[in-house]
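Below is a short briefing on a two-chain model, covering the fold of one chain and its contacts with the other. Please keep the sequence and the structure open while reading.

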Amino acid sequence: MKIKVNGEAVELEKELTVSELLVKQDVDMPDMVSVELNGEILDRDTFSDTVVKDGDQVEFLYFMGGGASVRF
Amino acid sequence: MIIKLPKELYQKLLKHTQAEFPNEGCGLVAGAKTGDGIEVKDVYTMTNLDASAEHFTMDPKEQFAVVKEVRNKGYDLIGNYHSHPFTPSRPSEEDKRLAYDEDAIYFILSLKDEEPVLKAFSIKKQKDVTQIELELI
């Protein structure tokens with residue numbers, strides 16, 4: 001089946017969960033990514049239950065944050 | 001590697017972070033590879049969900065929208081920026097701890113002195129910081 005991941009066509013042999021897809025995409029820290037499936041942002045708790053199907057469009061990106069934390 | 005930053009985009013970034021002061025301002029940076037480095041093509045101002053002088057968190061919904069816009073323009077998302085209102089332009093311990101994307105370039109603009117200071121860094125393994133040469137063009 002064919003899906004799109006971050007705009008790139010990806011061919012999968014079978015349906016995968018979002019968690020499995022992130023592993024396949026070499027995402028080192030899946031707990032720190034946000035995932036959008038067909039335009040809807042997924043709750044992180046659902047990554048292991050949500051199945052990616054033929055034709056789906058998946059976007060993922062890392063959490064971006066930080067800050068000076070402590071005043072010098 | 002050299003990052004070339006057009007002066008008008010630096011001004012956009014600067015104005016945004018000054019407008020957010022004393023809170024930290026943050027945004028995303030799009031660019032394109034050149035022969036000897038990367039040229040910044042646009043900067044995208046983002047909401048700091050923390051609305052804090054000491055922290056920033058980007059809104060994933062805004063991030064996804066920008067990522068698609070950048071892609072449609074044929075550019076790459078090369079990294080992000082944020083300001084340090086009261087501290088120097090260098091990654092804090094929190095910046096390093098939260099630097100999950102090893103491919104990203106982290107631009108930090110210090111507003112602590114009268115003259116703003118912008119520097120660019122790569123951060124590997126959430127601890128190894130390397131400053132990247134930055135040239136205004």
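A residue counts as buried if 20 or more other C-beta atoms lie within 10 Å of its own, as exposed if 12 or fewer do, and as partly exposed in between, with C-beta atoms placed from the backbone. Helices (H or I, at least four residues) and strands (E, at least two) are DSSP runs, numbered from the N terminus. By these terms S6(B) is mostly covered, with six of its six residues buried.

This is a predicted model: local features need pLDDT of at least 70, side-chain atom pairs count only at pLDDT 80 or more, and totals for chains, interfaces and linings use all residues. Residues are numbered from 1 along each chain as its sequence is written, while chains are lettered from A and ligands numbered from 1 in the order in which they are written.

**Chain B overall**

- Chain B holds three helices and eight strands, and from the N terminus on its elements run β-α-β-β-β-α-β-α-β-β-β.
- The radius of gyration of chain B (taken over C-alpha atoms) is 14 Å, close to the 14 Å that the globule rule (2.2 Å times the number of residues to the power 0.38) gives for 137 residues, so chain B is as compact as a globular protein of that length.
- Along the principal axes, the C-alpha atoms of chain B fill a box of roughly 35 × 30 × 30 Å.
- Of the 137 residues in chain B, 42% are buried.
- Two residues are in contact if their C-beta atoms, placed from the backbone, lie within 7 Å. Among the contacts in chain B with a separation of 6 or more, 65% are between residues 24 or more positions apart.
- UniProt lists residues 3-132 of chain B as "domain: MPN" in an unreviewed entry; positions are given in the numbering used here, feature names are shortened, and annotations may be inferred rather than shown by experiment.
- Over residues 3-132, chain B is 25% helix and 40% strand, and the end C-alpha atoms are 7 Å apart.

- Two strands pair if DSSP finds at least two bridges between them. Seven strands of chain B close into a barrel in the order S1-S3-S2-S5-S6-S7-S8, with mixed pairing.
- Neighbouring strands of this sheet are turned by 35° against each other on average, direction ignored.
- Axes are lines fitted to C-alpha atoms, for helices over the stretch in contact, and angles run from 0 to 180 degrees between N-to-C directions.
- Helix H2 (residues 60-72) of chain B lies across S2, S3 and S5 of chain B and runs at about 20° to S2(B).

**Strand S6 of chain B**

- Ile105(B), Phe107(B) and Leu109(B) point one way from S6(B), Tyr106(B), Ile108(B) and Ser110(B) point the other way, and all are buried.
- In a regular strand the side chains alternate between the two faces of the sheet.
- On one side, S6(B) pairs with S5(B) in the parallel sense over six bridges, and Gly79(B) stands opposite Ile105(B).
- S6 (residues 105-110) and S7 (residues 117-124) of chain B run antiparallel and are joined by six bridges.
- Ser110(B) stands opposite Val117(B), and the bridge partner of Leu109(B) is Leu118(B).
- S6(B) and S7(B) form a hairpin with six residues between them.

**The sheet of chain A**

- Chain A has an open sheet of five strands in the order S2-S1-S7-S4-S5, with mixed pairing.
- Its edge strands, each pairing on one side only, are S2 (8-11) and S5 (40-41) of chain A.
- S4(A) and S5(A) pair in the antiparallel sense over two bridges, with Glu36(A) opposite Ile41(A).
- H2(B) packs on this sheet, touching S4, S5 and S7 of chain A, and its direction makes about 115° with that of S7(A).

**Where the chains meet**

- In total, 18 residues of chain A are in contact with 25 residues of chain B.
- On the side of chain A that touches chain B, the elements giving two or more residues are S4 (33-37), S7 (57-62) and S8 (65-66).
- S7(A) gives the most to that side, with three residues.
- The residues of that side divide into nine nonpolar, six polar and three charged; here Ala, Val, Leu, Ile, Met, Phe, Trp, Tyr, Cys and Pro count as nonpolar, Asp, Glu, Lys and Arg as charged, and the others, Gly among them, as polar.
- S8(A) and S4 (residues 56-57) of chain B run antiparallel and are joined by two bridges.
- The bridge partner of Gly65(A) in S4(B) is Thr57(B).
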